[in-house]
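Subject: Structure handover

Hello,

Here is the structure for you to look over. My notes on it follow below.

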Amino acid sequence: MMKNPLATFLGGTALALCALTLNSPAAQAQGLDEITVGYFLEWPLPMMEPKALGTYDEALGLTVNWVSFETGTAMSAAMASGDVQIAVSQGVPPFVVAASAGQDLEALDVAVSYSDNDNCVVASKLEIDKTNAADLAGKKVAVPLGTAAHYGFLRQMDHFGIELSSLSIVDMAPPEGAVALSQGAVDFACGYGGGLARMKEHGNVLLTGKEKEDLGILVFDVTSAPEGFVAEYPDLVAKFLAVTADANARWNAGDEGDAMLKVIAEDSGMDLEAARAAIATMEFPSVEEQLSAKWFDGGVQTFMKGVADVFVEAGSIGSARDSYAGNVNVEPLKIAAGE
């Protein structure tokens, strides 16, 4: 998936970061001397290193207060109240729910892609994979309805030409689905995280994360912020994204090894090996990739609409927007990339 993130960064984002740092901070000129940023513990991202080292404070020219959250919905609420100005790694489903309700949120970059951490697993005894997936017709499946996993399930079934009416679909959270799969109560199950890991002990995935991405089935988090804040402080937001892009590029290059991971693990509240295992399932697209059709030049917007429609069908939200293009703002990322 990664073309050459370090080269991409050095070719644009680093130069832009230097230029932004040399300029007089617009935020300071307007009297802003601190911001609050939300993030998740036990979610090891490369940006945790500059967070721990105070690099964001230095680049932005102000104090960055960090507050941890347990859910993306809580992040949305904190941004709605004005308590948080930027949220790092907010899941797309809670972002879409808030946007659908009218909250003025904007997605600014792809914080992390983890398509291999959300999937459907078929019981080993069935010996069904992507080459004979049509044999799933008539089978029983456990799916957590109203989630990104549900959306991915629907897209995969459509890809393989399997009529939903031929399936017995049971609403189960991933841990429950994993148990059902292990006991033979369902033929396949869809989920994410620890539940997915346990599902894989009893079966195989139909499509790899890369294969799903090529079909437009994405699993990713975004950096988000209120529209008003981004409009008022575009250069500050660009600086923030540039620091993140630098950390991602250095991580993707692989030159810093455990030295960088140790800082990331400690700041994430994890031991080294747990952080290593978690980050191994993650990918961090370069800025160039994020601005491509796969992501912000159409892919993200389409995915958001798909997630919203799934939630409407599941009854989780009352209605979806006609388009989520207005909830994606690539201008700060372009500034960070020197465009």
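**Salt bridges and sheets**

Aspartate 246 and arginine 250 sit four residues apart in helix H12 (residues 234-253), about one turn of the helix. Helices (H or I, at least four residues) and strands (E, at least two) are DSSP runs, numbered from the N terminus. The model is predicted: local features need pLDDT of at least 70, side-chain atom pairs count only at pLDDT 80 or more, and totals for chains, interfaces and linings use all residues. Residues are numbered from 1 along each chain as its sequence is written, and side-chain values use heavy atoms, with hydrogens and water left out.

Aspartate 246 and arginine 250 form a salt bridge, with the closest N and O atoms 3.2 Å apart. The term means a side-chain nitrogen of Lys or Arg within 4 Å of a carboxyl oxygen of Asp or Glu. By this rule the count is 10 salt bridges. Both aspartate 246 and arginine 250 are buried. Buried means under 20% relative accessible area, exposed over 50%, and partly exposed in between (1.4 Å probe, protein chains only).

Arginine 250 also meets the side chain of glutamate 256 in a salt bridge (3.0 Å, N to O). Glutamate 256 is partly exposed, at a relative accessible area of 30%. Shared partners join Glu49, Asp246, Arg250 and Glu256 into one network of salt bridges.

Lysine 294 and glutamate 213 meet through their side chains in a salt bridge (2.8 Å, N to O). The pair links distant parts of the chain, 81 residues apart. Lysine 294 is in the loop between helix H15 (287-290) and helix H16 (299-314). Glutamate 213 is in helix H10 (residues 209-214). Lysine 294 is partly exposed, at 27%.

**Sheet with E4 and E10**

Five strands form an open sheet in the order E2-E1-E3-E10-E4, with mixed pairing. Strand E2 (63-69) and strand E4 (105-113) are at the edges. Each has a single partner strand, so one side of each is left without a neighbour in the sheet. Neighbouring strands are turned by 25 degrees against each other on average, direction ignored. Two strands pair if DSSP finds at least two bridges between them.

E4 runs antiparallel to strand E10 (residues 220-226), joined by seven bridges. Leucine 105 has proline 226 in E10 as its bridge partner.

Two helices to look at here:

- H6 (residues 92-100) lies across strand E3 (86-91), E4 and E10, at about 110 degrees to E3.
- H12 packs on the sheet, touching strand E1 (34-40), E2, E3, E4 and E10, and its direction makes about 5 degrees with that of E4.

Contact means heavy atoms within 4.5 Å. Axes are lines fitted to C-alpha atoms, for helices over the stretch in contact, and angles run from 0 to 180 degrees between N-to-C directions.

**Sheet with E5 and E8**

Another open sheet of five strands has the order E7-E6-E8-E5-E9, and the pairing is mixed. E7 and strand E9 (203-205) stand at the edges, each with a single partner strand, so one side of each has no neighbour in the sheet. The twist averages 25 degrees from one strand to the next.

Strand E6 (residues 140-143) and strand E8 (residues 188-192) run parallel, joined by two bridges. Alanine 142 has alanine 189 in E8 as its bridge partner. Valine 121 also has alanine 189 in E8 as its bridge partner. E5 and E8 pair in the antiparallel sense over five bridges. Three bridges join E5 to E9, again antiparallel. There, alanine 123 stands opposite glycine 203 in E9. E5 is mostly covered: six of its six residues are buried.

- H7 (residues 148-159) touches strand E5 (118-123), E6, E7 and E8, and its direction makes about 135 degrees with that of E8.
- H8 (residues 174-182) lies across E5, E6 and E8, at about 150 degrees to E8.

Isoleucine 169 is in strand E7 (residues 168-171). Isoleucine 169 is partly exposed, with a relative accessible area of 37%.

Best wishes
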